[in-house]
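Biologist: I would like to learn how to read a structure feature by feature. Could we take the features in turn, with the general idea before the case?

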Amino acid sequence: MDETETETEIEIEIEIPQFFLCPISLQIMRDPVTAISGITYDRQSIEQWLSTSKNTICPVTKQPLSKDSDLTPNHTLRRLIQAWSSENSSSGIDRIPTPKPCLDKFYLIKLIKDLRNPNLQSKILVELEFFAAENERNRKYMVEAGVPRALLLFIVSCFNNNRITGLQEAVSILRLIRVPTKESKVLLVENDQIIPALTWVLGCNLDNNNNNVSVKSHAVSVLKTVLEDSSSCVLERLNPEFFDKVIDLLRQNNITQQGINAALKVLLNACPWGRNRVMMVESGAVFELIELEWRSRENKTTELILGVLYNLCSCADGRAEFLSHKGGIAVVAKRILTVSPTADDRAILILSLISKHSGTSMVLQEMLNVKAVSKLCMILQADCATYLKEKARDIIKSHSDELKNHPCFDVSHLIR
């Protein structure tokens, strides 16, 4: 009898009691906890279930469960499982170790208090980073204990004292635990140094290049989180240095994909304000976005780039910068019908703005040369939203006098 047959026979011979199995994972529970619905789950499985935004009910009873639902350790069941697994260990059943005790909130509060002591900061930050990386339960407790606020204030202190020690751990923890929306809004009102401090981190240079990459990627992710739900008065106060640092991040070839997307979301969230668009254009955003799109291989990144470019092309200086780049129209046209409906929407709106406000004979000739007009014709025939077809038709119609002399296009047929 070979080893596979032996393992199969062992699995058949050993019958696992049904109430030892987690209803979600269908595996033996290692840390059984009982929800307020009365059903017992393995802690990791139910916490992962509750951390998913759409899961707000008990998987078994369908009763409502909030993300902050109390999970009571089922010590009796855990001991039964441990005893059973020990008895059957000779048959290939893994022994179930006693789970670590939950992180004590009072201990976290003590760590936050001790974080003010320069001699203890490095040790405390390493410990907090370990807790944050360990599991979702720890991250929840850390938020409740006020760790995000403490770490943001720590970064402000580093900024004011031009000190980089501890920055790597601080931004790493904040990326993992995420700053709550309500708390970030209050903090941004109470302390106007938070945005400048996070912006300063983007320009910091650490001794190790790998650390540089991770710190800047994590810092811009934190910046995105803090700004995405902030009030309009905060976004209206952004300054040229802020956009210089964010756009400079996009110039760096070694930034992570997550960092790139976070930086693009920061720019996109700032776009509704005209003065922000002007500052982005003056910081060289249009050129860098076009260059980045030529290198991009991710659909989400393309959607974000086209979203920012559309906003920047809504102002005259942005359109001028866009047209001064020889690859601007070409890269936008190339993405039509190749990425996603969202990308199609933003690309056609960009071409619409260019056509309406800057549609010179030279620009139209470039659109013909890079097959932008051909893509617009394809939109008319594709299974696209009606408004996109109308936009494409309007662009062609507005330049019908120039296009009617082009041998490749029957304009009367296209705009009928």
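Biologist: Is Arg43 buried or exposed in this model?

Modeller: This is a predicted model, and in it Arg43 has a relative accessible area of 6%, so Arg43 counts as buried. Glu47, at 12% relative accessibility, is buried as well.

Biologist: Which kind of link joins the side chains of Arg43 and Glu47?

Modeller: Side chains of opposite charge can pair when their charged atoms come close. Here the side chains of Arg43 and Glu47 meet in a salt bridge, with 3.5 Å from N to O. Both residues belong to helix H2, and because they are four residues apart there, about one helical turn separates them. The pair also belongs to a network of salt bridges in which Asp31, Arg43, Glu47 and Arg137 are linked.

Biologist: How many salt bridges does the count come to, and what do others look like?

Modeller: The count comes to 13 salt bridges. One of them joins the side chains of Asp114 and Lys110 at 2.9 Å, N to O; these two residues are four apart in helix H4 (residues 105-114), so they too are separated by about one helical turn. Lys110 is partly exposed, with a relative accessible area of 46%. Another salt bridge is formed by Arg149 with Glu190, whose closest N and O atoms are 3.2 Å apart. That pair links distant parts of the chain, since Arg149 lies in helix H7 and Glu190 in helix H9 (residues 181-190), 41 residues apart. Arg149 is partly exposed at 33%, whereas Glu190 is exposed at 51%.

Biologist: How should I read a pair of aromatic rings?

Modeller: Such a pair is described by the distance of the ring centres and the angle of the planes. By the rule used here, the count comes to six aromatic pairs. In one of them, the rings of Phe19 and Phe20 have their centres 4.8 Å apart and their planes at 80°, and because planes over 60 degrees apart count as edge-to-face, this pair is edge-to-face. The rings of Phe20 and Trp84 are also edge-to-face, with centres 5.6 Å apart and planes at 75°. This second pair links distant parts of the chain, with Phe20 in the loop between helix H1 (3-13) and strand S1 (32-34) and Trp84 in helix H3 (residues 75-87), 64 residues apart. Ring pairs thus link Phe19, Phe20 and Trp84 into a cluster, in which Phe19 is exposed at 51%, while Phe20 is buried at 4% and Trp84 is buried at 13%.

Biologist: Which residues have the most contacts inside the largest nonpolar core?

Modeller: In soluble globular proteins, nonpolar side chains tend to be buried together. The largest nonpolar core here has 108 residues, and Met142 and Ile155 have the most contacts inside it. Helix H7 (residues 147-161) gives the most to this core, with eight residues. A second, separate core has 17 residues, including Cys22, Ile46, Leu50 and Ile96.

Methods. Residues are numbered from 1 along each chain as its sequence is written. This is a predicted model: local features need pLDDT of at least 70, side-chain atom pairs count only at pLDDT 80 or more; totals for chains, interfaces and linings use all residues. Side-chain values use heavy atoms; hydrogens and water are left out. Rings of Phe, Tyr and Trp (its six-membered ring) pair if their centres lie within 6.5 Å; planes under 30 degrees apart count as stacked, over 60 as edge-to-face and the rest as tilted. Buried means under 20% relative accessible area, exposed over 50%, partly exposed in between (1.4 Å probe, protein chains only). A nonpolar core is a set of buried Ala, Val, Leu, Ile, Met, Phe, Trp, Tyr and Cys residues joined through side-chain atoms within 4.5 Å. A salt bridge is a side-chain nitrogen of Lys or Arg within 4 Å of a carboxyl oxygen of Asp or Glu.
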